[in-house]
Amino acid sequence: MPIQYHKDTRFFHSQNSLVLNSGKQLHEFDIAYETYGTLNDNKTNAILICHALSADAHASNGGWWSDLIGPGKALDTTKYFIISSNTLGSCYGSSGPSSINPKTELPYHITFPMVTISDMVNAQACLIEHLAIDTLLMVIGGSMGGMQALEWAALYPDKIKSCVPIASTSKLSPQALAFGTVGRNAIISDPNWNKGNYYDQEKPENGLAIARMIGHITYLSEESLSQKFGRKLQEKQEYGYNLQTDFQIESYLYHQGHKFVHRFDANSYLYLSKAMSYYDLHKSYGSLENAFKSTDAQFLIMAITSDWLYPTKDSKDIVQSLMRINKNVTYCEIDSPYGHDGFLLSQEKLSDVIQPFLTTVSGFSL
């Protein structure tokens, strides 16, 4: 079943070559995106939203960040022009492994070149140029979206007024790298993966489901798991003493994994997971100070107290680096029991911080 796009999704097609970090080129590419609100005459009110690994361009009007985007909300569409872009390598309309290779008229599968976070940002920059916007008022995103926001500040220091990474990091920890590795191996070990060439046959659903189950565990906190499931049994009073599902948490993870296979592509999961593994601002620029030395953007760094995937110390490291080079930075910890998923599930708390910060930023720009 093909991945479905939202009816409001638009497509930017670039016929200019994009040179990737790997040295390979995309001679043409597509970026799927949505916009909300109106661009003002001076084109000074544009905000770019960058999404997490498995999300798409549909962030508002029932999308994944609906409580933050709209009239009167933190990202107020009566004041700001909101752009939500699907990432390169994904399966929701932007060019990726499931896209059709114009040279062969067949899906790329793993002949699609490997991409990085900076490649995603460079592709987004082409979209912003297409929209004739010189400077973004804000770049904001959670998780992998936060990585993109930080990369924007490093790659395009004169193109953004503010940068808001949420529940993110400047590089993956060895633990996060390990979880990603196991998830990818679950996919490529599925016989149906067929070296990525499965689009006209049975798909590696079991492998992708297991990868999602592994990933989902990292998104939750011990507190949220204990409160929601604990050691409760699933529709029984005693252990079954067999290999069938006994615990509610087993049933929940199975449901999350097998629901995911109907909305996401296994190859895209491999590519985006690998892109996050490659992401390392310290290695790319020599240090965080070097990464951000050229930008005058205002930073709002937000962390989730119960996030153990990208813990608060990761955000504090970024803050301390920015302070050492005298950058304008605000730090906030969001008290949430939801773990890494707090950037999606604690939107009201995020709004209470983002709204006044954005008012301050826009007061100097609009």
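Leaving aside its neighbours within four places in sequence, which residues is Ser-170 in contact with? Contact here means heavy atoms within 4.5 Å, and the residues are Tyr-279, Asp-280, Leu-281, His-282, Leu-288 and Ile-318.

## About the model

This is a predicted model, where local features need pLDDT of at least 70, side-chain atom pairs count only at pLDDT 80 or more, and totals for chains, interfaces and linings use all residues. Residues are numbered from 1 along each chain as its sequence is written, and side-chain values use heavy atoms, with hydrogens and water left out.

Ser-170 sits in the loop between S10 and helix H3 (174-188); helices (H or I, at least four residues) and strands (E, at least two) are DSSP runs, numbered from the N terminus.

Now for Asn-86, in the loop between strand S6 (81-85) and strand S7 (100-101). Asn-86 is buried too, with a relative accessible area of 0%. Its side chain makes a polar contact with that of His-51, at 3.0 Å. Beyond its neighbours within four places in sequence, Asn-86 also touches others, including Ile-31, Tyr-92 and Ser-94.

Helix H1 (residues 117-130) has eleven of its 14 residues buried, so it is largely enclosed by the rest of the structure. Among the buried ones are Ile-117, Asp-119 and Leu-127. Just after H1, Ala-132 takes a positive phi of about 60°.

H1 packs against helix H2 (residues 144-155) at an angle of about 70°, with the axes 9 Å apart. Axes are lines fitted to C-alpha atoms, for helices over the stretch in contact, and angles run from 0 to 180 degrees between N-to-C directions. The two helices are therefore roughly perpendicular, a label for 65 to 115 degrees.

## Helix H12

The 17 residues of helix H12 (residues 347-363) should span 24 Å at 1.5 Å a residue, and the end C-alpha atoms are 23 Å apart, which agrees. That expected span is 1.5 Å times one less than the number of residues. Buried residues of H12 include Leu-350, Ile-354 and Phe-357.

Key
Buried means under 20% relative accessible area, exposed over 50%, partly exposed in between (1.4 Å probe, protein chains only). Angles under 35 degrees count as roughly parallel, over 145 as roughly antiparallel, 65 to 115 as roughly perpendicular and the rest as oblique. A polar contact is a pair of N or O atoms within 3.5 Å; within protein, one must be able to donate a hydrogen and the other to accept it, and residues adjacent in sequence count only if both atoms are side-chain atoms.
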